[in-house]
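My notes follow in the order in which I made them.

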Number of protein chains: 2
Amino acid sequence: MRTAAVIGTGLIGTSVALALTRRGVTVYLDDADTTAAATAEAMGAGSMAAPESPVELAVLAVPPAHIGSVLARVQGRGLAHAYTDVASVKARPHHEIQSAGADPAGYIGGHPLAGGERSGPLAASADLFEGRLWVLTPSAHTERLVLNRALELVSLCSGVPVIMDTVAHDRAVALTSHAPHLIATIMAARLENAADESVRVSGQGLRDVIRIAAGDPSLWRDILDANADAVADVLDTYAADLGGAVTALRALGSADETRRKQAGADLDDLLRRGNRGMHAWCGNRARRPPVFCRCP
Amino acid sequence: MRTAAVIGTGLIGTSVALALTRRGVTVYLDDADTTAAATAEAMGAGSMAAPESPVELAVLAVPPAHIGSVLARVQGRGLAHAYTDVASVKARPHHEIQSAGADPAGYIGGHPLAGGERSGPLAASADLFEGRLWVLTPSAHTERLVLNRALELVSLCSGVPVIMDTVAHDRAVALTSHAPHLIATIMAARLENAADESVRVSGQGLRDVIRIAAGDPSLWRDILDANADAVADVLDTYAADLGGAVTALRALGSADETRRKQAGADLDDLLRRGNRGMHAWCGNRARRPPVFCRCP
């Protein structure tokens, strides 16, 4: 790859541009917010001067709801030979691309699992994707050349490519990212009006649990909107476990010993399931996490 | 302080012993599990040889349910002039001390906010408490000398002392530690039987959210048992927000535009409350957390 375009110079777009520039690719930058694009340019992520001929790959790093319309527009002016995006939902943008009249043959969905609660070009880094999974969701229409351009992009960004179906991707991220984000938000929200003394009495555990709640509300509303049913399905399963935990906790003070014992056993079962789930997650890592897990 | 005893040589007890030994205090170690005590001794945390005369302070680093009985026993044999514990619940042990026939004048409750999902003496470190809050819960009976010995302990461990009422402490940790622990457990539990492909698609956010679910189930069952109602009260508030989030997510696909708009506004409100709660937490820190929060 010698030339690329990055449309949308937030955290992810600017990080992609920095990674490509570092590997010698000439990168064209564009953003509806020209201050953001100028910031990315000043950081050495590429140039705002429009390319004279089509670039090899354009990366659409715009909110999920805009992918269809932006793709139709930039394809219309022949910006690139291949197109991908970086949104954390994949099924709805895929439908919207078709209804917006864009050409699905030239497009492949993409989602690098990096970023988090920071946003904007100033938080960007050429190393953001190093060792991180980068999901690609080719459709039946996607051309082989487009898939291979996206694989090259992932490689240039030092990511780990994985091919998935759009619906399976969206269900997976509902379970591992979107539903946990809402739960972290719910826990953080309870601290808003808590006494200072209470909030002060918190350790590392709480910091880690609520960290992601600092994410940009507008971006997260878009994400939840685009993956609402899959997220609601996961939340329903949490609600069932949560109801069970409350019932068990209330029963621990019961005068009836059988109820008390059952409640203790139920809590124990939940805590052990949590341990096993943690280890299931850990065992699936390419790189094992630090000391806290002693997985065999 | 020249002499101390640590009863219970798990993560916290051994870390206290290591910190005191480093500051020149002669530390006597004891644990029902002699292998754990021998491990702590081999790590240089102190000596298993029984002290010839009462030590200045004994630290009971035993599970919350055993504090009353252990205190009565060691006071009975005149182990120390003052006693404290390190359990993460305070009201129930305080009651149990009185019903076990121990002398409340010689005791002060304590809770260092450090530790986490690791356990056992091998995970211990003399630096574990550095800069961490260490709650002390004197009762009306607690002698001034005992309070001052506990303050000296916190200082020798480089902790930050804070005096609290037992009930306020237990409500605070229900909000900031015990309820979040159960929620992390519920989220982790859902990964146990999830497809490998789904579990693989997870970023840093999930790791942080579920990390504490790796904690020791037996210890956590004891903690939840000792603080059950306060934890259930917090979980009830989470359940209400969770129900609201599911309703909003399901309504996002509604044909009725008014419902759809209301649902979007409700989610937006929740996400913004989460942001503010995160900043309320951050603003209460002695040391600001890393880059992710841009609190003013």
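Entry 1: I began with polar contacts between chain B and chain A, and the count is 22 residue pairs, with both residues at pLDDT 80 or more. The pLDDT condition is there since this is a predicted model. I then looked up which elements of chain B supply at least two residues each to the side that touches chain A; among them are β6 (133-137), β7 (160-163), α6 (166-189) and α11 (257-283). The most comes from α10(B), which gives 16 residues to that side. Sorted by class, the side of chain B that touches chain A holds 54 nonpolar, 17 polar and 24 charged residues.

I also looked for salt bridges across the interface of chain B and chain A, and the rule finds twelve. I noted one pair by name: the side chains of Arg250(B) and Asp229(A) form a salt bridge, at 3.3 Å from N to O.

**Entry 2: the extent of the interface.** Next I looked up how many residues take part. Chain B puts 95 residues into the contact and chain A puts in 94 residues. Between the two chains about 9100 Å² is buried, and carbon and sulfur atoms give 67% of that area. In chain B, the residues that lose the most area to chain A are Arg190(B), Val201(B) and Leu271(B), which together make up 8% of what that side buries.

Do the copies meet through the same surface or through different ones? I found that 99% of the interface residues of chain B are also interface residues in chain A, so the surface is the same.

**Entry 3: how the copies are related.** I superposed chain B on chain A: this takes a rotation of 180° with 0.0 Å of shift along the axis, and the RMSD is 0.0 Å. I wrote this down as the relation of a two-fold axis. In chain B, the C-alpha nearest the axis belongs to Val209(B), at 2.2 Å from it.

**Entry 4: Asp208(A).** I turned to Asp208(A), which sits in helix α8 (residues 204-210) of chain A. With Arg211(B), the side chain of Asp208(A) makes a polar contact of 2.8 Å.

**Entry 5: Val231(A).** I looked up Val231(A) in helix α10 (residues 228-251) of chain A. Val231(A) has 0% relative accessibility and therefore counts as buried. Apart from neighbours within four places in sequence, the contacts of Val231(A) include Ala174(A), His178(A) and Leu182(A), and also Leu249(B). I checked Leu206(A) as well: it is 25 residues from Val231(A) along the chain, and their C-alpha atoms are separated by 23 Å.

**Entry 6: Leu122(A).** Which residues is Leu122(A) in contact with, leaving aside its neighbours within four places in sequence? I found Thr39(A) and Met43(A). From C-alpha to C-alpha, Leu122(A) and Met43(A) are 8.1 Å apart in space, though 79 residues apart in sequence.

Methods
Residues are numbered from 1 along each chain as its sequence is written. Chains are lettered from A and ligands numbered from 1 in the order in which they are written. This is a predicted model: local features need pLDDT of at least 70, side-chain atom pairs count only at pLDDT 80 or more; totals for chains, interfaces and linings use all residues. Side-chain values use heavy atoms; hydrogens and water are left out. Helices (H or I, at least four residues) and strands (E, at least two) are DSSP runs, numbered from the N terminus. A polar contact is a pair of N or O atoms within 3.5 Å; within protein, one must be able to donate a hydrogen and the other to accept it, and residues adjacent in sequence count only if both atoms are side-chain atoms. Copies are superposed by least squares on the C-alpha atoms of residues with pLDDT of at least 70 in both. Contact means heavy atoms within 4.5 Å. Buried area is the accessible area (1.4 Å probe) that two parts lose on being put together, summed over both. A salt bridge is a side-chain nitrogen of Lys or Arg within 4 Å of a carboxyl oxygen of Asp or Glu. Ala, Val, Leu, Ile, Met, Phe, Trp, Tyr, Cys and Pro count as nonpolar, Asp, Glu, Lys and Arg as charged, and the others, Gly among them, as polar. Buried means under 20% relative accessible area, exposed over 50%, partly exposed in between (1.4 Å probe, protein chains only).
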